[in-house]
Amino acid sequence: MKKVTNVFWISLAVVLLAVAYGTFAPENFAEVTGNIESFLTTSFGWYYLLVVSFIVLFCLFFLVSPMGKIKLGKENDKPEFSFISWVSMLFSAGMGIGLVFWGSAEPLSHFAIDPATAEPGSAEAFRESMRFTFFHWGIHAWAIYGAVALVLAYFQFRKGEPGLISATLKPIFGDKMKGPWGTLVDVIAIFATAMGVATTLGFGAIQINGGLSFLFEGIPSNNFIVQVIIIIIVTIMFTVSAWSGVSKGIKYLSNTNMVLAIFLLILVLVLGPTLLILNTFTDTIGSYLQNLAQMSFRTAPVNSDERAWIDGWTVFYWAWWISWAPFVGIFIARVSKGRTIRQFLSGVLLIPAVFSFIWFATFGTAAMDVQNKGTDLTGLLTEETLFAVFEQLPIGSFLSVIAIVLIAIFFVTSADSATFVLGMQSTNGSLNPANSVKISWGISQSLIAVVLLSTGGLGALQTSLIIAAFPFSFIILLMMISFYKSISLDFKAVKRKR
C-alpha cells in the first residue's frame, strides 16, 4: 500500500467537517456560503476576469514560443496513450456532464430568459446567446486546465518531482514546500477538487433525475431522494472502475463516452434544423473571435443588471474551471507524458474547444429553434430542457435514453478520474494510489454532493464552486511564475547542448 501522508488525513478531515456542517446545520450552511459567494462575486469579479485572461495569454505564449519544443518528460519518452484515447480521457474528465447539462439550457437561457444585453427572443439575443456560450466553454476554460496540467507534467516527468501542486512551487519557495506550507497548498488543491467534482456529481444526479422523470411516469422530477439513489448507484459503479486503474477502467469508459457523444451529436444534427445549425456554428465562430477580447474583460461597471449577469454566468464559469483545475490538471498531466509542450497545448486548447463549439451550436440551436416554433421551454427546470427538446424531434425517446446513458458514463469517468487524482495528491504524488485511498475519496465526494443538494440544489452547488476556487486561483498564478522561472533555465541549457 502506498504511503498515506498527513495531507490525506488533514484534507479528509476538512472535507468531512464541511459535510457535517451542511448535514446538521443546513440553513446556516446555505446562508454562510451564500454570503461568502456574494462577497466574492461582487468584490472580486474583476479579479477572476483578469486572472483567467492572464492564463490564456500564458498558454498562447508557450504554444508559439521556441520553448514549445521541450518535451514533457525525458528526451526519449514516448506517449503512454494513443492520441484518440488521450483526447477522450482529457475531454471526459474536463467537461463531461457539463456539456450535456448545459448543451441546450445555456443558449436557451441567454436567448429567451435572461440575455446578456439584448431583448429576450430577438435575433440579436440569438446571436449573442451562442457567442457567450462559446466564450464560457471555449479557449478560456481549457487554458485554465492546460496551464495547471502543463506545469504539473513538466515538473513531474521532466524534473522528477512528485505529482503534487506543492512540488511545482519549489523554484520560488525551495524546501519550504516540503513542510507545513507545502501541506497547506496541497490541502487547498484537494479541497477545491473535492468541492468542484462534488458539484458536477450533483449536476449529473439532477439531470439523470430530470431525464428519468421525463421518460417514466411516476418518477418525480427534481426529487432529493431520487437524486440520492442515483448518486449511490453511480458511486458503486465508479468505485469498481477506480479499482481497475487508469489504463483500463478510465480509458475504456472515456473511449465509450466519446463514441456515444459523437453518435448523439450526429443524430441531433441530422434530425434537428441542420442548415440553421451549420450557419449558426459558422457565424458564431466569427463573432466569438471578433469579440473575444471585449468579452474577456467585460465588467459592466455602471450597469447593475449586466453586472449581475456577468457574476451569475461568466464569473461562475471561471470559478468552476478554476475549482476543477487541480483535478483535471493533475489527471491530464498524468496521461500526457512524452508529448512536447506545443503538442500538448495544441491538443488541450484547440480540440476540446472546437468540439464544444460544435456541441453547443447543435444542441443550443435546436433548443432555440423549438422555442421559436411555439413550444415554450422557458418554464422548465434546467435539467429538463434537453429532454424537452428531444420530445420535438423524431425518435425523441431514443435520444433521451442515449443522453441518460451518456450522462451516467460521464458521471462515472469524472468521479473515477477525481478519486485517482485525490489519491495521488494524498499519497505524495503516487502514480498508482492505494484502492482504499481512492475509495475513501470517492465516498467523500458523493457525501459532499448529497449535502450540497440537500441545502439548496443547484444554487448551493454553484455557490460552493466560487468559494472553493478563490484561494486556488492564487496558487495557479504562483505555479505559472515558478514554471517560467524553471523552464527558462531549462531552455538555455538545451540551447547550449545544441
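Which elements of the chain have the lowest and the highest mean pLDDT? In this predicted model, helix α3, residues 83-94, has the lowest value, 74. Helix α12, residues 274-290, has the highest, 96. Over the chain, the mean pLDDT is 85. A value of 70 or more is reached by 93% of the residues. Where pLDDT is low, the predicted coordinates should not be read in detail.

The largest nonpolar core contains 171 residues. Within this core, the residues with the most contacts are W102, I165, L264, W359, F390 and F483. Helix α14, spanning residues 304-334, makes the greatest contribution, with 19 residues. In soluble globular proteins, nonpolar side chains tend to be buried together. The surroundings of L264 show which residues meet at one point of the core. Apart from neighbours within four places in sequence, L264 contacts W359, F363, F390, L399, I402, A403 and L406. Two of these partners, W359 and F390, are themselves listed among the core residues with the most contacts.

Two or more lining residues come from each of α1 (6-24), α2 (26-64), α9 (180-215), α19 (435-454) and α20 (457-497). Helix α1 provides the largest share, 5 residues. By type, the lining holds 18 nonpolar residues and 2 polar ones. No charged residue takes part in the lining.

L16 is located in helix α1. Its relative accessible area is 37%, so L16 is partly exposed. Between the C-alpha atoms of L16 and M258 the distance is 34 Å, and 242 residues separate the pair in sequence. L184 belongs to helix α9. With a relative accessible area of 41%, L184 is also partly exposed. L184 and S11 are 173 residues apart along the chain, yet their C-alpha atoms are separated by 9.4 Å.

A further position is found in helix α15, residues 341-349, which includes S346. S346 counts as partly exposed because its relative accessibility is 27%, between the limits of 20% and 50%. Beyond neighbours within four places in sequence, its contacts are L63 and I351. I476 lies 130 residues from S346 along the chain, and 20 Å separates their C-alpha atoms.

Most residues other than glycine have a negative phi. A300, by contrast, has a positive phi near 45 degrees. This alanine occupies the loop between α13 (292-296) and α14. Its relative accessibility is 11%, under the 20% limit, so A300 counts as buried. I395 likewise shows a positive phi, of about 45 degrees, without being a glycine. I395 is placed in the loop between α17 (385-391) and α18 (396-425). At a relative accessible area of 47%, I395 is partly exposed, whereas A300 is buried.

Note on methods
Residues are numbered from 1 along each chain as its sequence is written. This is a predicted model: local features need pLDDT of at least 70, side-chain atom pairs count only at pLDDT 80 or more; totals for chains, interfaces and linings use all residues. Side-chain values use heavy atoms; hydrogens and water are left out. pLDDT is the predictor's confidence in each residue, from 0 to 100. Helices (H or I, at least four residues) and strands (E, at least two) are DSSP runs, numbered from the N terminus. Ala, Val, Leu, Ile, Met, Phe, Trp, Tyr, Cys and Pro count as nonpolar, Asp, Glu, Lys and Arg as charged, and the others, Gly among them, as polar. A nonpolar core is a set of buried Ala, Val, Leu, Ile, Met, Phe, Trp, Tyr and Cys residues joined through side-chain atoms within 4.5 Å. Buried means under 20% relative accessible area, exposed over 50%, partly exposed in between (1.4 Å probe, protein chains only). Contact means heavy atoms within 4.5 Å.
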